[in-house]
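This report walks through local features of one model, from backbone geometry to metal sites. Please keep the sequence and structure open while reading.

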Amino acid sequence: MRFDTIIKNGTVVTASDTFKSDVGICDGKIAALAGCLDNAHEIIDATGLYVMPGGIDSHVHIAQPSGDGIVMADDFSSGTLSAAFGGNTTILPFCMQEKGTTLREALKDYHAKAEGNCHIDVSFHLIITDPTAYVLGQELPALVEDGYTSLKVFMTYENLRLRDDQILDTLDSARRSGALVMVHCENEDAIRYLIGQHEEKGELAPKFHALSRPVAAEREATHRALSLAEIVGTPIVIVHVSNRQAMEEIERARKRGSKVAGETCPQYLLLTADDLDATELEGAKFVCSPPPRDKESQLACWEGLQNGTFELFSSDHCPFRFDDDGGKLNEKGKRNFRWIPNGIPGVETRLPILFSEGVSKGRIDINRFVALSSTNHAKQYGLYPRKGTIAIGSDADIALWDPRKSVIVTNDILHHGADYTPYEGLEVVGWPIRVLLRGTTIVDEGVFKGQSNGGTYLRRDRTA
Ligand code: DUC
Ligand code: ZN
Ligand code: ZN
């Protein structure tokens, strides 16, 4: 048999196994796993490299309307390019419904932004901000049929949050149609109370962002979201969990029999609230929600990645430029933390951070790395086994990792549209040196070799 491509002499890693094997690729799919494959148009030597499924980042914000002159730093072109260089082959950004509009309208706009501009494969989650009877009764069931099988709701942000009755209605519609609901858990009323307290005292610097969104606000909302899902009887995903108390809520809900997935992100492993307390507004670079906590919370999040409280490790890439009128330091943001847009870039650094801090430092094994970075995302969101594994018949979405390559992360080497990285100066050991999307090399030794429109849109199966 003649293959299009053979990856030779590498160590194949899946979520469950590690083995020496060549990988034969035909028509963009994995066609053979065996020793000594040798008849191909192209042979890639992977001696000393790990051959792993391309990363799937299931929590990414790109070109999302952010209001008030604020503009996200990435469009689909820069966001997917940055993702590719970070070892990813699929991302799942959010298509946000704006109040007073329909989901179909939001999707039409969002598809138009993505069409022809994606370097890797994409699929959209919905964000529901206006759960009208039409949206929940008509649109959502039809959209789930069309492959939009997951959605996010917010419990915070004045213009995005849903009330409990709206969350219940949304969960109910999701249960009937088989959509999976992701929840941003922070108590908006508590946060608004605390913001008011800080404003009264003139405490307006970036560090007060973290103090106005305490663990208790996240824990309470996590408990409430889990209880509402239990009452309706439908699974949920608790996204971007930052601390032990919220994790304990997830664990307790599971013990009661609820089906819950947990997600955490690099910022909760490497940053703390102290990073927001930098001089000269530098702290704005780290403003995200939930905010980074403390060292103990970092330890808790590592434990959760090790013991299964978290199945998902995502970036929550939500990039804004720092020194920019439409970014972190917009005119109002310079004067008051409440106007600093929430979110930090991270789609390109997610996997090197997990590899380096996790695998290279011995906190997780390489199979767990694959599960957390790729396989579990594909399973959770209806892409498995087409995506997320190295198996015969799966798409040949593959990242070749050099486990010994040491890189100092600086903003210069990244490809996102932001003008900073929160991880400036971090040394990582382990780097994705070559990335293949459906069998075609798209990144090779720091050079993009693919096509700027090479990504496709993915319809997804139900998983709820
Ligand atoms: N929630 C997210 O999921 N991302 C960035 C901002 C936010 O609040
Ligand atoms: Zn969120
Ligand atoms: Zn997010």
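P290 sits in the loop between α9 (267–270) and α10 (295–307). Helices here are DSSP runs of H or I with at least four residues, strands are runs of E with at least two, and both are numbered from the N terminus. S289 and P290 are joined by a cis peptide bond, with omega at about -10 degrees.

The model is predicted: local features need pLDDT of at least 70, side-chain atom pairs count only at pLDDT 80 or more, and totals for chains, interfaces and linings use all residues. Residues are numbered from 1 along each chain as its sequence is written, chains are lettered from A and ligands numbered from 1 in the order in which they are written, and side-chain values use heavy atoms, with hydrogens and water left out.

**Backbone geometry**

A cis peptide bond also joins Y384 and P385, where omega is about 0 degrees. P385 belongs to the loop between α13 (366–380) and β17 (398–408).

The loop between α9 and α10 also holds E280. Phi of E280 is near 55 degrees, a positive value in a residue other than glycine. E280 is exposed, at a relative accessible area of 73%. In this report buried means under 20% relative accessible area, exposed means over 50%, and partly exposed lies in between (1.4 Å probe, protein chains only).

E445 is another residue other than glycine with a positive phi, near 50 degrees. It is found in the loop between β19 (440–444) and β20 (447–448). E445 is exposed, with a relative accessible area of 52%.

**The zinc ion (ligand 2)**

Which protein atoms are the donors of the zinc ion (ligand 2)? They are K152 (NZ), H184 (ND1) and H240 (NE2), lying 2.1 to 2.2 Å from the ion. Donors are N, O and S atoms within 2.8 Å of the metal (3.2 Å for Na, K and Ca); water is not among the atoms, so sites may look incomplete. Along the sequence the donor residues are spaced K-x31-H-x55-H. K152 lies in strand β12 (residues 150–154) and H184 in strand β13 (residues 180–184), so the pair ties together parts 32 residues apart in sequence. K152 and H184 are both buried.

**The zinc ion (ligand 3)**

The protein donors of the zinc ion (ligand 3) are H59 (NE2), H61 (NE2) and D316 (OD), at 1.9 to 2.0 Å. Their spacing along the chain is H-x1-H-x254-D. H61 and D316 link distant parts of the chain, 255 residues apart. H61 is in the loop between β8 (55–60) and α1 (76–85), and D316 in the loop between β16 (312–313) and α11 (331–335). H61 counts as buried because its relative accessibility is 4%. D316 also counts as buried, at 8%. The zinc ion (ligand 3) and the zinc ion (ligand 2) are separated by 4.0 Å.

**Ligand 1**

Ligand 1 is surrounded by H59, H61, K152, F154, Y157, H184, H240, S289, D316, C318 and N342. A residue is near a molecule if one of its heavy atoms lies within 4 Å of it.

| Side chain | Ligand 1 atom | Distance |
|---|---|---|
| H59 | oxygen | 3.0 Å |
| H240 | oxygen | 3.1 Å |
| D316 | nitrogen | 2.7 Å |

Taken alone, ligand 1 exposes 240 Å², and the protein buries 95% of that. These areas come from the Shrake-Rupley method with a 1.4 Å probe.

**Other positions**

V428 lies in strand β18 (residues 427–437). V428 counts as buried, at 1% relative accessibility.

N117 is found in the loop between α2 (103–114) and β10 (121–122). From C-alpha to C-alpha, N117 and L372 are 27 Å apart in space and 255 residues apart in sequence.

How values were computed: A polar contact is a pair of N or O atoms within 3.5 Å; within protein, one must be able to donate a hydrogen and the other to accept it, and residues adjacent in sequence count only if both atoms are side-chain atoms.
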